[in-house]
Amino acid sequence: MTIAKSPLRTLVIGAGSWGTALATAATRHSHSLLFCRHPDQALTIEKHHYNPRYLSDLLLPLTLHATSDISVAIHHLQQAPQQSLIILGVPVIAMRETCQQWFTLLQQAQLEHIPIIWTCKGFEQSTGALPHEIIHQVSHFPHTGVLSGPSFAKEVIQHLPVALTVASHSYLVQQRTTDILHNSFCRIYHSQDIIGVEVGGALKNIIAIACGIADGLQLGNNARAALITRGLVEITRLGSTMGGDPSTFIGLTGLGDLVLTATGDLSRNRQVGLAIAQGKTLQAIMDSGITAEGVRCARDTLARATHLGIEMPITQAICRVLFEGIPPKEAVQQLLMREAKQEI
Ligand SMILES: NC(=O)C1=CN([C@@H]2O[C@H](COP(=O)(O)OP(=O)(O)OC[C@H]3O[C@@H](n4cnc5c(N)ncnc54)[C@H](OP(=O)(O)O)[C@@H]3O)[C@@H](O)[C@H]2O)C=CC1
Ligand SMILES: O=C(CO)COP(=O)(O)O
């Protein structure tokens, strides 16, 4: 079927790197509309087919449309409410505000049955809530789920192969996400383990920062492998205590995303670690406007782990470096000099 004839419709809210990439992937099988906060951004995407604010060197498909007009976005969904998907592409810091604004509009337009998926990775700072908890506090929409997995936005826009997992208790969410995003370069897997998927995605960012620091200090391949493996142990320990299925953490959204961001230089969390190792201050790094959710997440995770009595030495070391100003080399020594113990 040609796109012109496809009944499917996607609305992506949040025109950052990942929102733009998913809206691009969605053009394969659906009429895809990207909602931007800035009119000039939407206009540039419509007229010149690139996003002037994010990944601006990449050309976007002519079939991708953009708007900054909320009524246009709602009208887009009203054309085929039974065939639509909404993707929230904003970071966790913007989740509650975005849901409050859009869910009210969707309810007023009687569009609350449209499947909604989100992509953010982290805990809400003020409440410690996971994204699905924010969603449930804001609404009782029936068809919601999380999309996650190892995926750099740039590579997705370039149509390089990627595998993602959608976790939801709603069959409709899984099916609609697959109908729209599953294609010759993008594989969609299904899961019901929302907590496991969300916790894996949030915590891998902390280990990516740790690996950035280790690589920046030129500690070698052995050190990176040890951090990834022991990092996965920390993620699994906390994630399964929080209710995640232990096997989820060795899947795409756990180990997969951990390996990607701990080793791939496109990762902004890894870049934070590399910059810290070069002696840059956290303040200077964050002032550059980088979206690196592992920084906030490290502090929230350590607080939660302490509360639950769970040992997370790598996370603790990262917090010492980021927030207590301990030199990275000293934190490495402290980690290495811990008492010998049973591995598993
Ligand atoms: N980039 C990637 O490769 C991947 C990212 N993710 C996850 O997706 C989420 C989004 O990441 P990414 O696109 O990279 O981030 P970016 O920093 O590239 O973009 C963030 C987007 O959110 C918008 N935004 C920020 N604050 C608010 C707010 N208060 N209200 C409304 N909109 C807001 C920004 O708008 P504006 O430009 O106007 O500030 C921008 O459109 C993150 O949680 C990330 O972990 C997941 C997989 C891959
Ligand atoms: O989560 C990501 C890929 O799956 C992107 O990682 P960063 O946020 O570290 O860039």
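Q: What share of the 344 residues of the chain count as buried, and how do you know that a residue is buried?
A: The model is predicted, local features need pLDDT of at least 70, side-chain atom pairs count only at pLDDT 80 or more, and totals for chains, interfaces and linings use all residues. Residues are numbered from 1 along each chain as its sequence is written, with chains lettered from A and ligands numbered from 1 in the order in which they are written. A residue is buried if 20 or more other C-beta atoms, placed from the backbone, lie within 10 Å of its own, exposed if 12 or fewer, and partly exposed in between. By that count, 49% of the 344 residues are buried.

Q: Why does the radius of gyration of the chain agree with a compact globule?
A: The radius is taken over C-alpha atoms, and the globule rule is 2.2 Å times the number of residues to the power 0.38. For 344 residues the rule gives a value near 20 Å, and the chain has 20 Å, so the two agree.

Q: Which residues come nearest to ligand 1?
A: A residue is near if its C-beta atom, placed from the backbone, lies within 6 Å of the molecule. Of the 25 residues around ligand 1, Gly 16, Trp 18, Ala 94, Cys 120 and Thr 291 come nearest.

Q: Which helix gives the most to the shell around ligand 1?
A: Helices are DSSP runs of H or I with at least four residues, strands are E runs of at least two, and both are numbered from the N terminus. α1 gives the most, with 3 residues.
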